[in-house]
Each structure stands twice: as C-alpha cells, then as structure tokens.
Amino acid sequence: MPHSGQSAASRDWWRTAAIYEVYVRSFADGDGDGIGDLAGVRARLPYLAELGVDAIWFAPWYPSPMADAGYDVADYRAIEPLFGSLDEAEQLIAEAHGLGIRIIIDIVPNHGSDQQQWFADALAGQAGSAERARYHFRPGRGAGGSVPPNNWTSEFGGTAWSRVSSTDGAPPAPEAPGGPGGRAAAGEPAEWYLHLFSPGQPDFNWAHPAVRAEFADVLRFWFDRGVDGFRIDSAALLAKDPSLADLDPGQAGGEHPYVDRDGVHGIYREWRRIADSYPGERVLIGEVWLPDAERLTRYLRPDELHSAFNFDFLCCAWDATRLREVIDVTLDSHARVGAPATWVLSNHDVVRHVTRYGRADTAFSMSDRRIGEPSDRELGTRRARAAALLTFSLPGAVYLYQGDELGLWEVEDIPDELLQDPFWERSGHTDRGRDGCRVPLPWSGKQPPFGFGPEGSVPWLPQPTQWKDLTAETESGDEGSMLELYRAALRLRHEEPAFASGEMRWLDSPADVLSYRRGDDITVVINLSAHAVGLPAHNGVLISSAPVVGGMLAPDCAAWLSTR
Ligand code: NOJ
C-alpha cells in the first residue's frame, strides 16, 4: 500500500529531521585531557552545519561518576565538569541555534546515580523511610534476607538487586557486596535496592509523586535554557509492578513487571503537556526497545512522545525481503498514530554498521554483539554507503551516530585493561561491551590523536592507526569518501521536496532489489543482490553510492534517480 508523506504545510521539523548523535566524551577534546568536551563540540559546530544536520542529540552531559558513561546522572541540572560548565552549554545552544541546528539532550528518568543526593539520603535513612520510598528498597528473601527480593536480572548481567549492607544494624559498609554502603536499623536485616542496570544506577520509584515532580522540573529547567527536545533513556522501563513479583519468562505486552507497562503512558502525557507549553515545537524522543510495533507506536500517540528510534530497522539483516518487511511494518504502524517513522543505523550502544554489514550474518542483537567475528570491511563499507542512501530517502526522520559519516568501523581489539563499559566486568569478561563504537573520532593528521585533542594528548580509548585514512580532513573534498556522500545526500534530501512530502510507492523490481518512488520526481534503487542490475527509466542519476557504469548498478550499491 502507498505510504503518504507529510504535506509541506503540516510539516514539523522533527518529522523529517536529520539528527546527529554526539557522544561528548568521544567527539572532540578541547582541553587536551583525552576526553571530549563542550569546547570541542563548539569548535566543530561549523562541521556539523556543513554536514547538513538539523539537530544534535547529546548523550548525557550531566555530572556523573561514570558507572555507565554518564547514564548514571548525579545532578540533572548541571554539566559534567570534565565536559565543561552550564554557561558553556548555554553558549553552545545559542551558537548551534545561530547555525540553524537544534539541540536535543538525553534525559535519564528510569534511574539516577548512587552518588546523587537523593540516594545518599536513602542510604542514610532506614527501611520504610520517606527517603527510601523514592527508590525501590525491599527486604531480601530467605534466611536473614540474604537472597535478592525477586528474580529480575540487570541488563549488564547478574541480579538487578544490591544489598545496602551485609550485616544487620552494622554501620554503613563502604562497599558491601555489590552495593555502596548504607544502614539497617539494629536488629533489622539490611534491605536491597533495585537497579535494572549497574549497581551505580538505582531505579527511581515512578509511583512516588516526588519523582514525577522532580523530572517535570528538570524538563522545564532545560526547556527554559533553550533545548529543543529530549531523548528519553530506557523510556519503556519506568513503571514497575508494585508487587515487584518474579518475572515469568514470556511476559510481555503490558504484563511484564517492568517493561512497557501501561502505567508508563501517563508519565509521557504529562511530559507532552510540558513540552507543548513551550514555543517552537519542543520534542520528546523515546528510546523504546520493544519487539511489537503496535506496542511501540502506543508511545507515539498524538498526546505522548513525538517519535522513537527504529531499532527493528537497526537490527535488521542486510536482506531485501526482511528490510522491506521492516519498512512496511514501520510505516504502517506509525501512520496509524500519525507519527513519523525514524531510520537508525547505529548509536553508542551497538556495533557500528560498517562492521555488522561486513559479517556473514548481518543481523544484530543487543544480547550478542559478536565482537571479533570475522567481518569484511570493504563489503561492510560498500553496504554502509548504500544504507545511507536507503535511510535518507525513506519517509520520516533519520538518526546519524557520530563517525557514521566517516565510515568508522567497530574497534574490536581494544586491550582488555582499557575496556570501560560495565558489560565487561558484569559479564565476567565474556561480553566486551560497547567501547568499540565509542572510540574518539579522527579529525585530522596522520597519527593519533588524529586531531581529536591537541598534539600529544592521549584519547581515553586508543584509535586504530588505519583511521588516518578516515579523518574528516582526509575525506573532505574526496568525491569517493563517505563524508562527501553524506554531505551530498543530506543536501539533496533538503533540497528535493519529494523527500519531505512525496508519497512512497514500491516499484516492481527483481528479487533482492529495493526500488521505490518518492512522489513523481525521485526513484530510489538499492541493489542487495549479488549481480549488477539495470536501472529503471530515469532522467539522470542524482547520487549513487558507487559509479553507475553503462546504466548498471553494482551489488550492494544504491542510487537516487531523477524521474521528473
Ligand atoms: C540506554 C543507553 O543508550 C545506554 O547507553 C545505557 O547503558 C542504558 N540505557 C542505561 O541508561
């Protein structure tokens, strides 16, 4: 069935935006301490403007002890000192706006940091205290309460519970097993607290009015400072079954004790009212990992979030039939609630797609990153180029992850002792985690730090020496580079009205080829087969991921054709 685009009149910026994720610690280091910062981002804003992005999404920039690279927020109204200051953030917002770039920031509502004042108060309080009620504290099971309150597991491995102190009535233990200390009243077994991620990330109790009020206030704090929207971390996890019952395998779709419970929607309706009370189309974007498209799009009803990441697309194999299915399900399910589709290839949590697409099995699952599995980099790069033209030509918004535009691959050989992601420790050194997609960007020069920081500075993760060929400087002006492909494609995407408002219609095509029209003016062809294919009738090639020779499109290549 044809999918209609938005009419120009009703077009809101977020429905068709190209949004670029900046992972601050790895983007650009202004002060030479090896860690990216806001000074680095400010210096590179012209680069992002030239790339042609409409908005930047900042991974968390708040003060954090970095138990999970900033997704453990210690203060929601300040900037991590390693990154800069609130003043600098405000200047950055103004400068970006001056270049026509909007700013979206991460908000992490499911959990805070164990170094946050609220949690310190909870530890100092006792079982049943008002301070503990803002989190999920529970007595343990079994003799002396030594068994975790339920069978929930942490996303990073192991139980989702840590005990505040191992001995009844003992003074706070600085590092009780799995926990940061705390107090139990004399004679009472020490309690446990819930953390769906690392022990440094205690989950908030969203049934508590103080939690709701606090986050409403945090949203306003940043909207008042000019941010254009929030990317909501772990958005489907906030509401918990108050009984904290054991999880039965297979529970889903509203029955699960903490994933996608129906109660979560009331929170986002309240947030939407806050966003809508500000001028200039402020947006809410959900990080919602759900297998069911219908359940996902419930978050995108007109009075809830504006959009959500399309992880089904990200995880999909490089396979024409499966991609077409995901595209159709996405467009149909989003159309039903009037929300824009989104197209995402990579982010700071997943193996970079150049690497994924070069593997024998090109599908991706968060539960098995397959780091170190053989990957043909040349093939992966060719497919990544075609995938860029696929994502940029579909109806909806696109998300780019920093370094996609340079064709960076996953760094799979980071020495063990340098790995920082909690997955590594919590998995007992079986899962190498997500550091390989977080390696600092190469900007210029022939050796590390490749302009990431000043000459002589040492980036927080080592950069491959081969990245000398993938610096922004090397790729700039090189017609065959990934960077120039991204620049040209994003420019065309802006210039051609068909990409914003043209109806999408599939065209008949050979097996393993995706072909569709956007409006009347543009035809897109993606060749996922093993053979070159002839192109349909057209009046010129607008852009292609590899040269079109003799009217033929090579395997794993894509082209946008003018059909005016
Ligand atoms: C999703 C974030 O993208 C990821 O990096 C983080 O570890 C978890 N949520 C927990 O906040």
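Is Leu-244 buried or exposed? Select Leu-244: the residue is buried, with a relative accessible area of 6%. Here, buried means under 20% relative accessible area, exposed means over 50%, and partly exposed lies in between, for a 1.4 Å probe and protein chains only.

This is a predicted model, in which local features need pLDDT of at least 70 and side-chain atom pairs count only at pLDDT 80 or more, while totals for chains, interfaces and linings use all residues. Residues are numbered from 1 along each chain as its sequence is written, and side-chain values use heavy atoms, with hydrogens and water left out.

**Stop 1: two loops**

Leu-244 lies in the loop between strand S7 (229-232) and helix H6 (264-276). Helices (H or I, at least four residues) and strands (E, at least two) are DSSP runs, numbered from the N terminus. The phi of Leu-244 is near 45 degrees, a positive value in a residue other than glycine.

Next, select Pro-448 and Pro-449, whose joining peptide bond is cis, with omega near 10 degrees. Pro-449 belongs to the loop between helix H12 (422-426) and H13. Phe-450 is found in the loop between H12 and H13; its phi is near 50 degrees, and the residue is buried, with a relative accessible area of 0%.

**Stop 2: helix H2**

Now select residues 38-51. A kink of about 45 degrees lies at Arg-44, shortly before Pro-46; the bend at a residue is the angle between axes fitted to the seven residues ending there and the seven starting there. Buried residues of H2 include Leu-38, Val-41 and Tyr-47. Just after the helix, Gly-52 takes a positive phi of about 100 degrees.

**Stop 3: the largest nonpolar core**

Select Phe-58 and Trp-61, the residues with the most contacts inside the largest nonpolar core, which has 158 residues. Such a core is a set of buried Ala, Val, Leu, Ile, Met, Phe, Trp, Tyr and Cys residues joined through side-chain atoms within 4.5 Å.

**Stop 4: an open sheet**

Finally, display the 5 strands that form an open, antiparallel sheet in the order S12-S13-S14-S18-S16. Two strands pair if DSSP finds at least two bridges between them. Strand S12 (504-506) and strand S16 (541-544) stand at the edges with a single partner strand each, so one side of each is left without a neighbour in the sheet. S12 and strand S13 (residues 513-518) are joined by 3 bridges, and Trp-506 stands opposite Tyr-516 in S13.
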